[in-house]
Amino acid sequence: MQHFVDEAFIKIRSGKGGAGCVSFRREKFIPYGGPDGGDGGDGGSVVFHIKQNVRTLYKLKLHRDFFADNGHPGMGTQKSGKKGADAIVEVPPGTLLYDADTNELIKDLTIDDEEFVLLKGGKGGRGNMHFATSTNQVPRYAQPGLPGQELNLRVELKLIADVGLVGFPNAGKSTLLSVVTKAKPKIANYPFTTLVPNLGVFEVDNEHFVMADIPGIIEGASHGAGLGIEFLKHIERTKILLFMINLEDEEYLDQYDKLRVELKTYSKHLAKKPFMVVASKMDIEDSDEKYRLLQEKLGIDIIPISSVTHKGLEKLLYLLKDKTKSIESNERIK
Ligand SMILES: Nc1nc2c(ncn2[C@@H]2O[C@H](COP(=O)(O)OP(=O)(O)OP(=O)(O)O)[C@@H](O)[C@H]2O)c(=O)[nH]1
Ligand SMILES: [Mg+2]
């Protein structure tokens, strides 16, 4: 298994622009051809690609230097030099880029970013073909390429998600994610629609939080039933577990206890995480009565929601935000 690495120090450098070319046209019978030196190619940039499947900064620990190529010089006959190749750094969503020398935050990369150009390559110089004037038909100069830039970075991966959804298959986990974030997970009325975790970002008062939707858990999952609980590792690093109880399910009154048992069998640490409970599908028939019975049985606060009518969603997001922030401030005190 790959080690989970959440901090790395790297050096990045963009490429220098290629020099413009000084050259003159040479053709039969035209002894003094005009200037035809082409432009230098731009230097390559340093580009971050944000990929969900990367998950850790492990590779940045192995490969500490990310240097883009220089642009190629221009050539005669008006040919431009080739652009230098970009240096690509692949990181998971939730990666923060800091200037290692000043510790200033440069960028917080979320899953809504696909690519982020941090250092642009130097521009290529212009060839002498651009510099002929009426007074100087024979320009013997061209521009040099501009230099690239260099930066030392501290790269940090924040928790993969703030909120992890836990529930039986068909509870409506993916639907909730699709309603409160821009994520487009597969949704269907059969169990185990979700086979791999999905991440989305929700926004409350201009702050962003990551929600993770994972495959459904069933009774016996800790012994391998259904899809097993292997994927619970993806919510090990979330701040809050959001248990989702499906009021449509006949056994809705037992779901919470069953989920708890599976979770505890998998990991004591996970079972102790801060959590909240929602009753989903509050738009269906008899949902008010079912909600009341559930609340009575569990004796804890349960937030009623419907992803169809959006009932309770705003309140839920505010509660998740408050809880996430209070967990973060406790972590800082520790
Ligand atoms: N009436 C109603 N139906 C809902 C609601 N939320 C989800 N559903 C339906 O419930 C079914 C299952 O929804 P999913 O979001 O795929 O459930 P899931 O928990 O992600 O399921 P798995 O990926 O299999 O674990 C779909 O048919 C949804 O349309 C809701 O608030 N109200
Ligand atoms: Mg799903």
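**Entry 1: a loop**

I began with threonine 77, which lies in the loop between strand 3 and strand 4. Helices (H or I, at least four residues) and strands (E, at least two) are DSSP runs, numbered from the N terminus. Is threonine 77 buried or exposed? Threonine 77 is exposed, with 12 other C-beta atoms within 10 Å. I noted the cut-offs: a residue is buried with 20 or more other C-beta atoms within 10 Å of its own, exposed with 12 or fewer, and partly exposed in between, the C-beta atoms being placed from the backbone.

I then looked up the distance to arginine 26. Threonine 77 and arginine 26 are 51 residues apart in sequence, and their C-alpha atoms are 9.2 Å apart in space.

Glutamine 78 lies in the loop between strand 3 and strand 4 (87-91). Its phi is near 60 degrees, a positive value in a residue other than glycine. Glutamine 78 is partly exposed, with 16 other C-beta atoms within 10 Å.

**Entry 2: ground rules**

I wrote down that this is a predicted model, in which local features need pLDDT of at least 70, side-chain atom pairs count only at pLDDT 80 or more, and totals for chains, interfaces and linings use all residues. Residues are numbered from 1 along each chain as its sequence is written, while chains are lettered from A and ligands numbered from 1 in the order in which they are written.

Which order do the five strands of the open sheet take? The order is 3-1-8-5-6, and the pairing is mixed. Two strands pair if DSSP finds at least two bridges between them. Strand 3 (65-67) and strand 6 (105-109) stand at the edges. Each has a single partner strand, so one side of each is left without a neighbour in the sheet. From one strand to the next, the twist averages 25 degrees. For such angles, axes are lines fitted to C-alpha atoms, for helices over the stretch in contact, and the angles run from 0 to 180 degrees between N-to-C directions.

I followed the pairs one by one. Strand 1 (residues 7-13) and strand 8 (residues 150-157) pair in the antiparallel sense over seven bridges. Alanine 8 stands opposite valine 155 in strand 8.

Strand 5 also pairs with strand 8, antiparallel, over five bridges. There, aspartate 99 has leucine 153 in strand 8 as its bridge partner.

Strand 5 (residues 95-99) and strand 6 run antiparallel, joined by four bridges. Leucine 97 stands opposite lysine 107 in strand 6. The hairpin of strand 5 and strand 6 has five residues between the strands, and asparagine 103 takes a positive phi near 65 degrees in this hairpin.

Another open sheet has three strands in the order 4-2-7, with mixed pairing. Strand 4 and strand 7 (115-119) are its edge strands, and each pairs on one side only. Strand 2 (residues 46-50) and strand 7 run antiparallel and are joined by four bridges. Phenylalanine 48 has phenylalanine 116 in strand 7 as its bridge partner.

**Entry 3: two domains**

The protein chain is divided into domain 1 (1-158) and domain 2 (161-333). These bounds come from an automatic or database domain assignment. The domain centres, taken over C-alpha atoms, are 44 Å apart.

How many residues surround ligand 1? The count is 24, and the closest are Gly172, Ser174, Thr175, Thr194 and Gly216. A residue is near a molecule or strand if its C-beta atom, placed from the backbone, lies within 6 Å of it. Helix 2 (residues 173-180) gives the largest share of this shell, three residues.

I checked helix 2 for burial. Six of its eight residues are buried, so helix 2 is largely enclosed by the rest of the structure. The buried residues are Lys173, Ser174, Thr175, Leu176, Leu177 and Val180.

**Entry 4: one more loop**

Lysine 281 is found in the loop between strand 13 (275-280) and helix 5 (287-298). Its phi is near 65 degrees, a positive value in a residue other than glycine. Lysine 281 is buried, with 24 other C-beta atoms within 10 Å.
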